[in-house]
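Please keep the sequence and the model in view while going through the points.

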Protein chains: 2
Amino acid sequence: MNSVRVNLGSRSYDIALTSGDSKSVGAFVRAGLPKTTTALVVGDSNTQLHGRVLETALIASGFRTAFAPVPAGEPSKCLEQLSALYDALYGLAADRQTCVVAVGGGVIGDLAGFAAATYNRGLPLVMVPTSLLAMVDSSVGGKTGINHPKGKNLIGAFHQPAGVWIDLALLTTLPEREYLSGLAEVVKYGVILDSDFFSYLEANTRAVRERQPEVLLHVVGRCCRLKADVVEKDEYETTGLRAVLNYGHTFAHGFETLAGYGTLLHGEAVAIGMTCAATLAERLGLVGADFVSRQTDLLVALGLPTAPGHSYPTEELISVMRRDKKAVGGQMRFILPTRLGEVKLFDDVPEPLVRAVLQSH
Amino acid sequence: MNSVRVNLGSRSYDIALTSGDSKSVGAFVRAGLPKTTTALVVGDSNTQLHGRVLETALIASGFRTAFAPVPAGEPSKCLEQLSALYDALYGLAADRQTCVVAVGGGVIGDLAGFAAATYNRGLPLVMVPTSLLAMVDSSVGGKTGINHPKGKNLIGAFHQPAGVWIDLALLTTLPEREYLSGLAEVVKYGVILDSDFFSYLEANTRAVRERQPEVLLHVVGRCCRLKADVVEKDEYETTGLRAVLNYGHTFAHGFETLAGYGTLLHGEAVAIGMTCAATLAERLGLVGADFVSRQTDLLVALGLPTAPGHSYPTEELISVMRRDKKAVGGQMRFILPTRLGEVKLFDDVPEPLVRAVLQSH
């Protein structure tokens, strides 16, 4: 079994990279949590079947389990569904060792993760990401949370998982649009941290789109390692380093919010946001036009959008972006590329330039 | 100004012990949070006036502020009021540096603290405890949370404050029953950690009940120091050491839950719970009858109850106690005295003995 170790002292954990080996999940959870006797498996209508398979494996390893179904979709990242998970934990007579197993994409991971972070002031959490986006991004690093009616992920906590169980076989049945959306975050890692990986993606666009198993293993493993490197150096996003992962995300949150959640998939919004960020960097003279076109070409080759496809009022976008979590004192902050494989935080970007970029897309 | 330092590495902070010097709170907050520009002051109908005074002081120190009123009482430790605080933070355009200032007793501290712990994945928090109970217990140590309909404090997070501002002058106007209730936790510190402090209380019951300023300063300062010592050694309640602070609390939660929140004040329930725990320790042969009577005499001299004053069904009490956060795998765990100034964790107490103690009170 391949695995990636996330080194965070007493909060260290393994990301297991497996394929079609669900029965081993029991031993994996048991190894990380020797004292745990109960587990709450959380899934939605898309992941319920897989969740039941995992539940069986957990029972075989001696855990007492229950399954908590959550409606599929972003609206479930809300206080009501959180409250339902608290009820399910209470129903299971959860103690401080009870494990929450989040089986799903980012929504399930964020919601179940936040329930784990806050029930009994913190329960162990095992992430079982079922989407590409969740495998390479949201399941690693300890960010959990729900949405506020006015803003995405406004409510949340840092809570590292006790382990992450990735089953790459799940990627083969993922709907095309959802799979492609996940590739936006994959490209992001190349742009912000690893130009060799970016080149690898350029050279393998067809194999990536065909979801060839050995390519998936390399792509997902590399993204997990790159994310783990960043998280190890800035677990709580205090030094600014972890902020590099938010490349394209300030713009993306603006588009996502104005489009209404669900219209644009997160990765699609990130692809558009990365294009905006690259354009902004070019106008600031940080990178040349070649950088922008190279990034755009790869995104397009991977079937991703690079423009919103709809005109949103610039002032409303700016207003949402100013309230982004990364903003401080109403001042927008941007992660911008300085060359392929390197980005920096800029908190003094002239607002007229931001407006101009928004109007050009 | 007297102060107590809580040493927790990057999460260290000061507890300021002041008297009638509210205008200095601005400088105190500013010193701890140099980058903060906005502050949300949270209070209830009992603390609103004091909150407004503090708000004025914060404005004078250059903070932009808003006041969020919360209904007084334990029922406010719920998802609805939490949600209202999230709305207030959004309305203030809170960023990651925005400070939440909790002005009140345990309810306000726990609720506003949990909002601070979870908005934008964590905002700085300043505790301004206005009750004796909050000064010596809930405002120090980083526990925040709300109630689940089925259990007290089931939902929460560890989130250390950036500072604690104690104004001892507030104690002089506290209603008698509420003041006495706080003394239960004061006695607890003597029993679990400091026999000299216990003797000091025995020698000064009258001065304590008369709320003499120099006695209050010593009592509150000593309790904060004792609690800080424990929290410094076991911040996240993982080694078992911090659990000593829960002396009497397993029983207390049983009585509080069955009485219905608000019937028994928390400190009253703790005084009864401590008496049960002492009786249990005596029956286990851990302490002699003299220990029980000495603790009972001090509690009584300080105007506290040592029996529930109402008969609750033993099985229902047991059922609630089994679901206590400290329980593991349905096994009740008790903090019991071994001598004055020392307690230990016992997880193998025979249940018939617990029943017998409950039936004897």
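1. The structure is a predicted model. The points below should be read with that in mind.

2. Relation of the two chains. Two copies of a chain are related by a rotation about an axis and a shift along it. Here, chain A can be laid on chain B by a turn of 180° with a shift of 0.0 Å along the axis, and the RMSD is 0.0 Å. That is the relation of a two-fold axis. In chain A, the C-alpha nearest this axis belongs to A:L79, at 3.7 Å from it.

3. The shared surface. Of the interface residues of chain A, 100% are also interface residues in chain B, so the copies meet through the same surface.

4. The annotated domain. UniProt, in an unreviewed entry, lists residues 70-179 of chain A as "domain: 3-dehydroquinate synthase N-terminal". Over residues 70-179, chain A is 34% helix and 27% strand.

5. The annotated binding site. Which residues of chain A does the record mark as "binding site"? The unreviewed UniProt entry places this feature at A:E185, A:H249 and A:H266. These residues span 82 residues in sequence, yet no two of their C-alpha atoms are more than 10.3 Å apart, so they gather at one spot. One of them, A:H249, lies in helix 10 (residues 249-259) of chain A.

6. Helices 7 and 9 of chain A. Helix 7 (residues 195-203) of chain A packs with helix 9 (residues 213-233) of chain A at an angle of about 155°, and their axes are 12 Å apart. Because an angle over 145 degrees counts as roughly antiparallel, helix 7 of chain A is described in that way relative to helix 9 of chain A. The crossing of these two helices is left-handed. From helix 7 of chain A, A:F197, A:Y200 and A:L201 take part in the contact, and their partners in helix 9 of chain A include A:V215, A:H218 and A:R222. By class, this contact has 7 nonpolar, 1 polar and 1 charged residues.

7. Helices 10 and 11 of chain B. The axes of helix 10 (residues 249-259) of chain B and helix 11 (residues 266-283) of chain B come within 7 Å and cross at roughly 130°. The two helices are therefore oblique to each other, and their crossing is right-handed. Among the residues making the contact are B:H249 and B:F255 of helix 10 of chain B, together with B:H266 and B:G273 of helix 11 of chain B. The classes represented are 9 nonpolar, 3 polar and 1 charged residues.

8. Helices 11 and 12 of chain B. Is the arrangement of helix 11 of chain B and helix 12 of chain B roughly parallel or roughly antiparallel? They pack at an angle of about 170°, with axes 9 Å apart, and are therefore roughly antiparallel. The residues that meet include B:M274 and B:E282 in helix 11 of chain B, and B:F291 and B:Q295 in helix 12 of chain B. By class, the contact has 7 nonpolar, 4 polar and 1 charged residues.

Terms used
Residues numbered from 1 in each chain as written. Chains lettered and ligands numbered in written order. Predicted model: local features only at pLDDT ≥ 70, side-chain atom pairs only at ≥ 80, totals over all residues. Heavy atoms only, no water. UniProt positions renumbered as here; feature names shortened; annotations may be inferred. Helix = DSSP H or I, 4+ residues; strand = E, 2+ residues; numbered from the N terminus. Axes fitted to C-alpha atoms, helices over the stretch in contact; angles between N-to-C directions. Parallel < 35°, antiparallel > 145°, perpendicular 65-115°, else oblique. Left-handed = near helix turned anticlockwise from the far one by under 90°. Contact = heavy atoms within 4.5 Å. Nonpolar A, V, L, I, M, F, W, Y, C, P; charged D, E, K, R; others polar. Least-squares fit on C-alpha atoms with pLDDT ≥ 70 in both.
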